Amino acid sequence: MKLWKGRFSKAATSSADEFNASIEFDQRLYKEDIAGSIAHAKMLGKQGIITQDESELIIKTLGEILSDIETGNVEFTIESEDIHMNIESILTDRIGAIGKKLHTARSRNDQIAVDIRLYLKKETDAITTAIKILLDALEKLARQHTDTVMPGYTHLQRAQPVTLSYHLLAYYQMFSRDQERFSDCLGRIDRLPLGSGALAGTTYDTDRDFLAKELGFASVLPNGMDAVADRDFAIEFINCCAVTMMHLSRFCEELILWSSVEFSFVEIDDSFSTGSSIMPQKKNPDMAELIRGKTGRVYGDLMSLLTICKGLPLAYNKDLQEDKIPVFDAADTLKSSIGIFTEMILTMKVREDKMENAAKYGYMNATDAADYLVSKGIPFRDCHEIIGKIVLYCINKGIAIEEMTMDEFKSFSDKFEDDIYDKIAIRSCIKAKLSKGSTSFESVDEQLADIANKKQAR
Ligand code: ARG
């Protein structure tokens with residue numbers, strides 16, 4: 001039986017019913033929906049809009065419905081369309097006319113808005129916790145690899161030597177900003193839409209501040225039309241998910257490259273790899289590839305909700321029912337991706353020897369050799385030119401810069417002295433960086449200390 005059947009002379013076809021219904025996906029909001037209804041019933045009782053006895057009976061029955069849903073003793077129907085009307089129907093089935101009073105001074109429009117906000121508050125918490133665990137994992141690895149030297153790349157060409165710790169801490173910073181972004185976003189999710197009615201407010205003497213307190217919202221949305229019509233907070237939430245997925249995806253791309261025979265920098269654990277159905281030798285980094293692929297899905301979720309909202313006249317439109325699909329998908333995908341990723345990096349084997357070996361070839365000390373000549377009084381641009389010629393000479397001879405004899409050095413510039421060999425050794429190149437936030441061993445130690453301090457302050 002439709003709760004809104006009064007005005008209709010004909011039932012919807014079953015295909016129209018099915019098309020219209022959202023219960024298939026919005027049933028996961030049952031907890032939030034019941035919490036919203038309990039707060040609403042309490043407020044109605046307190047304000048004398050319904051009697052205290054009615055309020056108490058509704059609240060008690062909603063509690064029973066909640067536990068019945070949780071033990072699998074409730075069946076939702078497409079007939080009742082969405083989670084709101086399903087729960088209201090069950091309530092009315094159980095307590096008759098009193099149940100019908102629950103929807104006084106309320107609309108499904110403010111009801112769904114409060115449900116999603118409650119849901120996203122919970123999801124944001126779960127995601128920030130997951131990011132925290134990931135940050136701890138990165139910190140742990142970074143502490144283990146302060147002396148693991150590897151090539152740093154630009155354009156995926158060997159550029160300058162860095163430590164693995166430095167590389168990992170770059171991701172640490174990205175993920176901590178992601179965490180910040182979620183906290184900022186939470187500030188805008190955490191505002192109460194309930195009590196706005198369908199769009200214009202209600203004729204009852206309701207108490208929205210009480211509702212906010214009951215449901216744990218930080219504030220009350222000041223305009224009811226805005227409260228039921230906008231989903232900017234959900235767009236922002238998916239945006240936070242998309243950016244975090246983008247960071248995970250970049251890291252995954254590196255792990256995929258690093259686990260290839262060509263790099264051999266890491267070995268992803270068997271428990272996070274898969275085999276090939278035809279090639280017996282294969283061990284594939286499927287988890288990392290899937291996270292990279294799922295990033296595309298989450299971008300799609302963001303675009304999807306932005307597009308759903310564009311062009312909607314105020315206030316509520318049924319298009320908004322579609323918001324839940326991308327919101328749920330983005331949250332689920334991000335949570336599972338962070339979880340898998342964290343376990344994957346904690347179990348992978350780092351091949352320090354391969355990293356260090358790779359750092360020895362590729363003329364990554366060329367900038368340091370140029371800086372050496374600068375210290376001898378030659379302008380940087382000229383040093384760049386001299387070292388460029390040295391690199392070309394070495395490439396043709398198939399040797400590293402440090403493999404040249406002193407005579408060879410002198411043939412390019414008489415400023416070279418014996419100390420050049422020490423100055424361009426890999427660890428010297430790393431150590432010599434002086435700027436704040438560099439790859440130098442000292443700076444990385446500072447960065448790690450800063451992380452530890454901030455954690456203590458939290
Ligand atoms: N199932 C709807 C949604 O998810 C609830 C609000 C429906 N409101 C309405 N006036 N039809 O958006």
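Two residues are said to be in contact, or to touch, if their C-beta atoms, placed from the backbone, lie within 7 Å. The model shown here is predicted, and for this reader it matters that local features need pLDDT of at least 70 and side-chain atom pairs count only at pLDDT 80 or more, while totals for chains, interfaces and linings use all residues. Residues are numbered from 1 along each chain as its sequence is written.

**View 1. C241 and the largest nonpolar core.** Not counting residues up to four places away in sequence, C241 touches V298, A330, A331 and L334. The largest nonpolar core has 112 residues, and F237, I238 and C241 are those with the most contacts inside it. Helix α6 gives the largest share of this core, 15 residues. Here a nonpolar core is a set of buried Ala, Val, Leu, Ile, Met, Phe, Trp, Tyr and Cys residues joined through C-beta atoms within 7 Å; a residue is buried if 20 or more other C-beta atoms lie within 10 Å of its own, exposed if 12 or fewer, and partly exposed in between. In soluble globular proteins, nonpolar side chains tend to be buried together.

**View 2. The shell around the ligand.** The ligand is surrounded by S22, D26, D82, R108, N109, I112, Y316, K318, L320 and Q321, where a residue counts as near if its C-beta atom, placed from the backbone, lies within 6 Å. This shell divides into three nonpolar, three polar and four charged residues; Ala, Val, Leu, Ile, Met, Phe, Trp, Tyr, Cys and Pro count as nonpolar, Asp, Glu, Lys and Arg as charged, and the others, Gly among them, as polar. Helix α6 (residues 108–144) gives the most to the shell, with three residues; helices (H or I, at least four residues) and strands (E, at least two) are DSSP runs, numbered from the N terminus. Because domain 1 (16–104) and domain 2 (110–357) both give residues to the shell, the ligand lies between them.

View 3. The domain assignment, whose bounds come from an automatic or database source, gives domain 1 (16–104), domain 2 (110–357) and domain 3 (360–449). The centres of domain 2 and domain 3, taken over C-alpha atoms, are separated by 40 Å. Their contact takes 15 residues from domain 2 and 14 residues from domain 3. On the side of domain 2 that touches domain 3, β2 gives the most, with six residues, and by class this side has eight nonpolar, five polar and two charged residues.

**View 4. The loop holding H155.** H155 is placed in the loop between β1 and β2, and has a positive phi of about 55° although it is not a glycine. With 6 other C-beta atoms within 10 Å, H155 is exposed.

View 5. Y363, in the loop between α13 (352–360) and α14, has a positive phi near 55° in a residue other than glycine, and is partly exposed, with 18 other C-beta atoms within 10 Å. In α14 (residues 366–375) the buried residues are A366, D368, A369, A370, Y372 and L373, and what covers them includes α15 (380–397), α17 (420–423) and α18 (426–431). Just after α14, G377 takes a positive phi of about 95°.

**View 6. A cis peptide bond.** L314 and A315 are joined by a cis peptide bond, with omega about 5°, and A315 lies in the loop between α11 (286–309) and α12 (324–347).
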